[in-house]
Amino acid sequence: MKCKMIFLIIAVTIISCNKKTDVKAISVKKDALYQPIPDETETEDEEVFTAPEFPKTGKTADDFVGVPYIIKMKAEGFLNDDALKDIVIVLQNENDNQDSRAVLVLLKQETGEYKLQDISWEAVDPEYTESGYQIYTSEEIYIENKVLHIMLQSGGGPAGTRETLYKYVNNDLVLTEMHTFNAGAGSHLSSDYNLVTGVAEHEVTNTLNDSIPSKHEIKKFQLKRQMLFAKDNPNIVLENLPGSENF
């Protein structure tokens, strides 16, 4: 009887061990079903923007332009502290009006040549969206009092009007001011941002009222760092600046 009991205990133990082994094996197989599988198709189709190389020096602005680019906008004036007139050009892909646009700052040297000082792929938006919509109907750049102005105006579209001002500060071309104008349902908003002093001024005009009343607001803000011509997109900068509560 004792022998039978011993054999029975051994048999139960063996069966129990086998069940545990089976459960463990099933658990491993189940986990394997949920292992992430890399999508090779997405990796292959993903486009990575590679900025083209531009000449470091040239005798004229045209020397910095290569296929497939053309000069879309051009401005001449004094940007740095010397008495030599500099040039800023905006390049457009001649074959793709939805492509990113480069803005090149060319500083004139005493030798008569121009030096490529700064490049920005952020300062000016593409001319058209992917759906074929022209973002701004009027575009202009000019240099005045050692400040680069980029004026982009929309013919009533959601983009509104945006003017950005850049100035050299300790050899860095810095975004110092932004001016915007937007028209909404029943009101207009004009905003002036001074990124040096950290002051935003808003003028909200009520167009539904016959007297067209307006409200003036002043708000203060503090940037963590300077906004740079070569690095920062003005649209993203605007998203982080204080807006009007009445628009």
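Reader: Why does Asn 170 count as exposed?

Author: Exposed means a relative accessible area over 50%, buried means under 20%, and partly exposed is in between, with a 1.4 Å probe and protein chains only. Asn 170 has 72% relative accessibility, so it counts as exposed. The structure is a predicted model, in which local features need pLDDT of at least 70, side-chain atom pairs count only at pLDDT 80 or more, and totals for chains, interfaces and linings use all residues. Residues are numbered from 1 along each chain as its sequence is written, and side-chain values use heavy atoms, with hydrogens and water left out.

Reader: Where is the place of Asn 170?

Author: Asn 170 is in the loop between β8 (161–169) and β9. Strands are DSSP runs of E with at least two residues, helices are runs of H or I with at least four, and both are numbered from the N terminus. The phi of Asn 170 is near 55°, which is positive although the residue is not glycine.

Reader: Why is Asn 145 called exposed?

Author: Its relative accessible area is 68%, so Asn 145 is exposed. Asn 145 belongs to the loop between β6 (138–144) and β7 (147–153), and its phi is also a positive value, near 55°.

Reader: What makes Thr 180 buried?

Author: Thr 180 has a relative accessible area of 12%, and therefore it is buried. This residue is part of strand β9 (residues 172–184). Contact means heavy atoms within 4.5 Å. Not counting residues up to four places away in sequence, Thr 180 touches several residues, among them Thr 161, Leu 189, Tyr 193 and Leu 238.

Reader: Why does Asn 235 count as partly exposed?

Author: The relative accessibility of Asn 235 is 29%, so partly exposed is the term for it. Asn 235 sits in helix α3 (residues 234–239). With neighbours within four places in sequence left aside, Asn 235 is in contact with Asp 125 and Arg 162.

Reader: How do you know that β1 and β2 are the edge strands?

Author: Two strands pair if DSSP finds at least two bridges between them. The order in the open sheet of five strands is β1-β5-β4-β3-β2, with antiparallel pairing. In that sheet, β1 and β2 each pair on one side only.

Reader: How many bridges join strand β4 to strand β5?

Author: Six bridges link β4 (residues 102–108) and β5 (residues 114–120), and the two run antiparallel. Leu 107 is opposite Lys 115 in β5.

Reader: What is the peptide bond from Val 67 to Pro 68, cis or trans?

Author: Omega is near 10°, and the bond is cis. Pro 68 lies in the loop between β1 (57–58) and β2 (69–77).

Reader: What are the totals for the protein chain?

Author: The protein chain has three helices and twelve strands. Of its 247 residues, 34% count as buried.

Reader: Where is the pLDDT below 50?

Author: pLDDT is the predictor's confidence in each residue, from 0 to 100. The mean for the protein chain is 85, and 80% of its residues reach 70 or more. Over residues 1–43 the pLDDT is below 50, and this stretch has zero contacts in the model beyond near neighbours in sequence. Where pLDDT is low, the predicted coordinates should not be read in detail.
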